[in-house]
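Please keep the sequence and the 3D view open as you read.

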Amino acid sequence: MRIIQLNATVTDSNLRDAEALREQMKQNGTLLINLMSSPGSGKTTLLSRIIRDLKDLKLGVMEADIASDVDARRIEALGARAIQVHTSGMCHMDAGMTAAAWEAMEARALDLIFLENVGNLICPAEYDTGAALNLMLLSVPEGDDKPLKYPLMFQTSDALVITKTDSLDYFNFDLDKCVERAKKLNPGIEIFPVSAKTGEGMAGLESWLTQRLAAWRVRP
Amino acid sequence: MHEMGIVLHLAKTLDQTAEENKLTAIGRVVLQVGEVSGIMTELFTDAWDYFKVRHPVLKDSTLVLETIPAVTWCDHCKQTYETVKYGKTCPYCGSGETWLLRGNECVIKEIEAE
């Protein structure tokens with residue numbers, strides 16, 4: 001027996017897979033966006049709206065769930081390319097699973113791909129999926145205290161989309177307080193309060209997404 | 001289950017290490033786990049026992065978990081304190097401008113192998 005010093009983080013192999021996938025996506029000119037949130041925050045509804053609004057772009061969606069294919073069917077009905085991924089009980093997507101889904105999609109001509117991660121504010125934040133952008137959703141009914149309870153999710157996200165703003169009148173959700181709490185954890189985070197139902201705020205989010213796609217294709 | 005995902009990555013990394021170093025069997029695996037890494041050690045060991053028999057090089061391995069205490073730094077009064085006891089708020093000055101220094105890692109320190 002001999003001793004081998006490794007001092008490697010357990011997620012090192014995932015980080016390598018993630019970097020490889022990001023590079024592959026970049027070569028291909030496709031922007032992969034990792035969508036993270038609690039179950040029921042409106043990920044599929046938001047995506048449905050974006051698919052309808054950004055008609056000039058070719059969009060794809062990877063639906064990651066523990067079971068069922070209801071979300072993938074909803075997305076395909078709108079004309080976007082969708083693939084359902086089952087995580088076999090796992091609470092998050094990792095880079096290897098994302099790369100396999102990308103392979104299975106066989107859709108190299110897509111502009112934007114949304115990875116709808118498993119509904120969960122904890123574990124998905126710890127795994128790099130290989131996405132170029134991390135986007136998190138927080139819906140008004142969930143409460144403005146979530147940045148205090150799930151700091152890592154807010155720290156790892158490039159943008160926070162506050163959804164269901166059409167319900168602000170019915171809940172004790174303090175928008176300013178929520179923004180302040182999120183910025184305290186992550187000063188650079190972009191924040192978009194939206195209602196996918198009424199369309200309020202969607203233009204800002206969508207123009208940010210198209211800008212990021214252009215930047216992803218320009219940068220060396 | 002969170003632990004299962006970590007164990008999968010651990011097994012994958014060790015399989016690769018075995019291949020690169022031409023190892024035939026791995027014995028002790030020393031893992032350093034931070035106090036606030038969110039890893040439940042009992043669940044972790046159970047998941048390990050489930051997976052190790054599925055990897056020939058790992059089948060006789062044993063997992064040794066070492067705990068790394070969590071320490072937070074206060075940016076306001078420039079002191080450190082125990083994270084588990086006081087959380088995000090500095091016990092000396094009450095500031096919330098605090099950052100975790102260590103305690104959320106999960107590192108493979110060393111392995112015994114032949």
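W73(B) counts as partly exposed, at 27% relative accessibility. This value comes from a predicted model, as do the others below. W73(B) lies in strand 3 of chain B, residues 71-74.

- Why is W73(B) classed as partly exposed? Its relative accessibility is 27%, and the class covers what lies between under 20% for buried and over 50% for exposed.
- The side chain of W73(B) makes a polar contact with the side chain of D75(B), at 3.1 Å.
- Neighbours within four places in sequence set aside, W73(B) touches K78(B), Q79(B), T80(B), E97(B), T98(B), W99(B) and L101(B).
- C90(B) is 17 residues from W73(B) in sequence. In space, the two C-alpha atoms are 8.3 Å apart.

**Strand pairing around W73(B)**

- Strand 3 of chain B pairs with strand 4 of chain B, residues 79-82. The pairing is antiparallel and has four bridges.
- In strand 4 of chain B, the residue opposite W73(B) is T80(B). T80(B) is also among the contacts of W73(B).
- Strands 3 and 4 of chain B make a hairpin, with four residues between them. K78(B) sits in the turn and has a positive phi of about 55°. K78(B) is another contact of W73(B).
- Strand 3 of chain B also runs antiparallel to strand 5 of chain B, residues 98-102, and four bridges join them.
- Which residue of strand 5 of chain B stands opposite W73(B)? That residue is W99(B), and W99(B) too is in contact with W73(B).

**S157(A)**

- S157(A) sits in the loop between helix 6 (151-156) and strand 7 (159-163) of chain A.
- Is S157(A) buried or exposed? With a relative accessible area of 3%, S157(A) is buried, because the cut-off for that class is under 20%.
- The side chain of S157(A) reaches the backbone oxygen of M153(A), at 2.8 Å.
- Beyond its neighbours within four places in sequence, S157(A) contacts M36(A), N134(A), M136(A), N186(A) and I189(A).

**The interface of chain A and chain B**

- Interface size is often stated as the accessible area lost when the parts come together.
- Chain A and chain B bury about 2400 Å² between them. Carbon and sulfur atoms carry 56% of that area.
- Chain A gives 26 residues to the contact, and chain B gives 31 residues.
- The rule finds 13 residue pairs in polar contact across this interface, both residues at pLDDT 80 or more.
- On chain A, the elements that give two or more residues to the side touching chain B are strand 1 (2-9), helix 1 (12-28) and helix 7 (175-185).
- Which element of chain A gives the most to that side? Strand 1 of chain A does, with eight residues.
- That side of chain A divides into 11 nonpolar, nine polar and six charged residues.

**Links between the two chains**

- How many salt bridges are counted between chain A and chain B? The count is one.
- K12(B) and D17(A) form a salt bridge through their side chains, at 2.7 Å from N to O.
- Strand 1 of chain A pairs with strand 6 of chain B, residues 106-113. They run antiparallel, over six bridges.
- I3(A) stands opposite E112(B), which belongs to strand 6 of chain B.

Definitions and conventions:
Residues numbered from 1 in each chain as written. Chains lettered and ligands numbered in written order. Predicted model: local features only at pLDDT ≥ 70, side-chain atom pairs only at ≥ 80, totals over all residues. Heavy atoms only, no water. Contact = heavy atoms within 4.5 Å. Buried area = accessible area lost by both parts, 1.4 Å probe. Salt bridge = Lys/Arg side-chain N within 4 Å of Asp/Glu carboxyl O. Polar contact = N/O pair within 3.5 Å; in protein donor to acceptor, adjacent residues only side chain to side chain. Nonpolar A, V, L, I, M, F, W, Y, C, P; charged D, E, K, R; others polar. Pairing = 2+ DSSP bridges. Buried < 20%, exposed > 50% of the residue type's maximum accessible area, 1.4 Å probe, protein only.
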